[in-house]
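Thanks for asking me to look this one over.

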Amino acid sequence: MYHNGSELLALAQEKHCPISEIVLENEAQVSGLPKSKIKENLLTHYHVMQASATKALSTELPTVGNLIKGDSKRVFDYAKKGNSLCGELINLLMARALSCLEVNASMGRVCAAPTAGSCGILPAVLMTMAERLNLSDEEIVHGMLTASGIGAVITRNATVAGAEGGCQAECGAAASMAAGAVVEVAGGTPEQVFHAAAIAIKNIMGLVCDPVAGLVESPCAKRNASQAVNAVICADLALAGVKSVIPFDEVVQAMYKVGHMLPYQLRETALGGVAVTETGLKIAEALHAKKS
């Protein structure tokens, strides 16, 4: 039905409907499932997201490397004190994103959206915006459909893998998906959905993937927190009428090319970036010795 963002946007504009409706029609055609079942499945995924975004807010989970243990609880408690610099909403976003990464790093259940390494961004944004906008389950599903449509386009035309495109591909795709989803549920136009999605990727263009000790903990968790905030900022920009100078599809292609320009040391191998700092190497050595 569509192969890129331009075609998806054109279909929505031609039919005078939101992006989510086109994505739902396409999924029904591809999967052979009734639309009601597709929505039911998405709501199930959302419940998994909710669980992972809240589990570590009250309980410190023992992660594999113990590099991020308790961070989400710290930020959540800080948010509730009411004296944070960015306000409660931003800090809740970050806490929930961190919680998902702590659940993932403790071998818990998460929803890869689109990957496990970026699993905190979409859940944090959806949950927090559901509260902020008083969204129904049906509206949340619409946001998830829009997010999945954006993610599918990125996957088809570029990559969402850190090993191929760096963290700009993983967290960038997740932020793009979340930004587009927020615009739709907030009442934005299909065109604004793609402006937000494009800006989100541009804001993280070129980010390397350099996991300390090869674990999806540091700096991955903080990047999930920052990109949850990036998604909401980009949604606000688009809803305010700000447009991406470069069209979404061209941004996706640029991201893909940049990813291939990155040396392999900066693509999830733990051979570059903060992974090979003095402290990063000491952490890796200590964890290796512990396993031996």
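1. Ala270 sits in the loop between α12 (248–261) and α13 (278–291); helices here are DSSP runs of H or I with at least four residues, strands are runs of E with at least two, and both are numbered from the N terminus. Ala270 is not a glycine, yet its phi is positive at about 65°. With a relative accessible area of 19%, Ala270 is buried, where buried means under 20% relative accessible area, exposed over 50%, and partly exposed in between (1.4 Å probe, protein chains only).

2. Before you go further, please keep in mind that this is a predicted model, in which local features need pLDDT of at least 70, side-chain atom pairs count only at pLDDT 80 or more, and totals for chains, interfaces and linings use all residues. Residues are numbered from 1 along each chain as its sequence is written, and side-chain values use heavy atoms, with hydrogens and water left out.

3. Asn134 belongs to the loop between α6 and α7. Is Asn134 buried or exposed? Its relative accessibility is 67%, so Asn134 counts as exposed. As background, most residues other than glycine have a negative phi, and most peptide bonds are trans.

4. The bond from Ala113 to Pro114 is cis, with omega near 5°, and Pro114 is part of the loop between α5 and α6. Ser218 and Pro219 are also joined by a cis peptide bond, with omega about 5°; Pro219 lies in the loop between α10 (190–202) and α11 (220–239).

5. Ser148 lies in helix α7 (residues 137–157) and, at 32% relative accessibility, counts as partly exposed.

6. Now the overall fold. How many helices and strands does the chain have? There are 13 helices and zero strands. The radius of gyration is 18 Å, close to the 19 Å that the globule rule gives for 292 residues, so the chain is as compact as a globular protein of that length. That radius is taken over C-alpha atoms, and the rule is 2.2 Å times the number of residues to the power 0.38. Along the principal axes, the C-alpha atoms fill a box of roughly 60 × 45 × 40 Å.

7. Of the 292 residues, 53% are buried. Among contacts (heavy atoms within 4.5 Å) between residues at least 6 apart in sequence, 74% join residues at least 24 apart. The chain exposes about 12,600 Å², and carbon and sulfur atoms supply 56% of that area; the areas come from the Shrake-Rupley method with a 1.4 Å probe, and for residues only the protein chains shown count as cover.

8. Side chains of opposite charge can pair when their charged atoms come close. The structure holds 10 salt bridges, each being a side-chain nitrogen of Lys or Arg within 4 Å of a carboxyl oxygen of Asp or Glu. One of them joins Arg96 and Glu131, whose closest N and O atoms are 2.8 Å apart. This pair links distant parts of the chain, with Arg96 in helix α5 (residues 88–105) and Glu131 in helix α6 (residues 121–133), 35 residues apart. Arg96 is buried at 6% relative accessibility, whereas Glu131 is partly exposed at 47%.

9. Lys15 and Glu25 form another salt bridge, with 3.1 Å between the closest N and O atoms. Lys15 is in helix α1 (residues 5–15) and Glu25 in helix α2 (residues 19–31), 10 residues apart. Lys15 counts as partly exposed at 41% relative accessibility, and Glu25 as buried at 17%.

10. Finally, Asp71, Arg74 and Lys222 are linked in a network of salt bridges.
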